[in-house]
Amino acid sequence: MRHQFLVASPYLQDPRFHGAVIYLCEHSDEGALGLTVNHPLDIHLGEILEQLDMEGGELDVPVYGGGPVQPERGFVLHSPDAGWQNTARVSDDVLLTTSRDVLSDIGAGNGPENYLVCLGYAGWSEGQLEDELASNAWLTCPATPDILFRTPWEDRYQAVLKLIGIDLKQLSEFVGHA
């Protein structure tokens, strides 16, 4: 399971993920990795590029808190316009790059058409995500590049819920048995 949105249900106990939309990049027997794509940090991409002595200091583009694991590590989700070092294909429409060269190209105006920059990631150990899904901590659906890249961050949570067909007011934390 990859190229999925995970939406934090109201019953998820971890406050770090309240209202989160996570783009699931990898999920295997060993665990899972995702990036929160709707929690912007108090830093913009231009500031990061300046700190790295790269062009693009004027870029007023949000940087997202991808998750609590390795918050100093950068991840770029982007459209498949080109390839950079350390790039993995998540789907036909989304690539994940962890090398600095994509940031340099973005700063110089030669980057991918669509991109999101995240610091840190959300990680799950073996079987952990399955347990959380079974306990209704997350709602899930196939991801769309439109929501990922073209929907404003503040609208992504509701957009994914609408895609799933969920009205939060109708959710129950209890499972019924006949």
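1. Phe75 is buried, at 2% relative accessibility; buried means under 20% relative accessible area, exposed means over 50%, and partly exposed is in between, for a 1.4 Å probe and protein chains only. Tyr121 is also buried, at 16%. The ring centres of Phe75 and Tyr121 are 5.7 Å apart and the ring planes stand at 75 degrees, so the pair is edge-to-face. Rings of Phe, Tyr and Trp (its six-membered ring) pair if their centres lie within 6.5 Å; planes under 30 degrees apart count as stacked, over 60 as edge-to-face and the rest as tilted. Phe75 is in strand β6 (residues 69-78) and Tyr121 in strand β9 (residues 115-125), so this pair ties together parts 46 residues apart in sequence.

2. A note on the source: this is a predicted model, in which local features need pLDDT of at least 70 and side-chain atom pairs count only at pLDDT 80 or more, while totals for chains, interfaces and linings use all residues. Residues are numbered from 1 along each chain as its sequence is written, and side-chain values use heavy atoms, with hydrogens and water left out.

3. How many aromatic pairs does a search of the whole structure find? The search gives four. One of them is Phe17 with Trp138, where the ring centres are 5.7 Å apart and the planes are at 65 degrees, so the pair is edge-to-face. Phe17 sits in the loop between β1 and β2, and Trp138 in strand β10 (residues 138-142), 121 residues apart, so the pair links distant parts of the chain. Phe17 is buried at 9%, and Trp138 is buried at 4%. Ring pairs also join Phe17, Trp124 and Trp138 into a cluster.

4. Strands and helices are named here by DSSP runs (helices are H or I with at least four residues, strands are E with at least two), numbered from the N terminus. Strand β2 covers residues 21-28, and six of its eight residues are buried. On one side of the pairing list, β1 and β2 run antiparallel and are joined by four bridges; two strands pair if DSSP finds at least two bridges between them. Val7 stands opposite Val21 in β2.

5. β2 also pairs with strand β3 (residues 31-36), again in the antiparallel sense, over six bridges. A hairpin of two residues connects β2 to β3. Ser28 stands opposite Gly31 in β3. As background, side chains in a regular strand alternate between the two faces of the sheet.

6. Which residue forms a salt bridge with Arg2? The partner is Glu26, with the closest N and O atoms 2.2 Å apart. A salt bridge is a side-chain nitrogen of Lys or Arg within 4 Å of a carboxyl oxygen of Asp or Glu. Glu26 belongs to β2, while Arg2 is in the segment before β1 (4-8), and the two are 24 residues apart. Glu26 is partly exposed at 31%, and Arg2 is partly exposed at 35%.

7. The structure holds three salt bridges. Another joins the side chains of Asp14 and Arg16, at 2.6 Å from N to O. Asp14 is partly exposed at 22%, whereas Arg16 is exposed at 53%.

8. Arg150 and Asp146 also meet in a salt bridge, at 3.3 Å from N to O. These two residues are four apart in helix α4 (residues 145-150), so about one helical turn separates them. Arg150 is partly exposed at 48%, and Asp146 is partly exposed at 43%.
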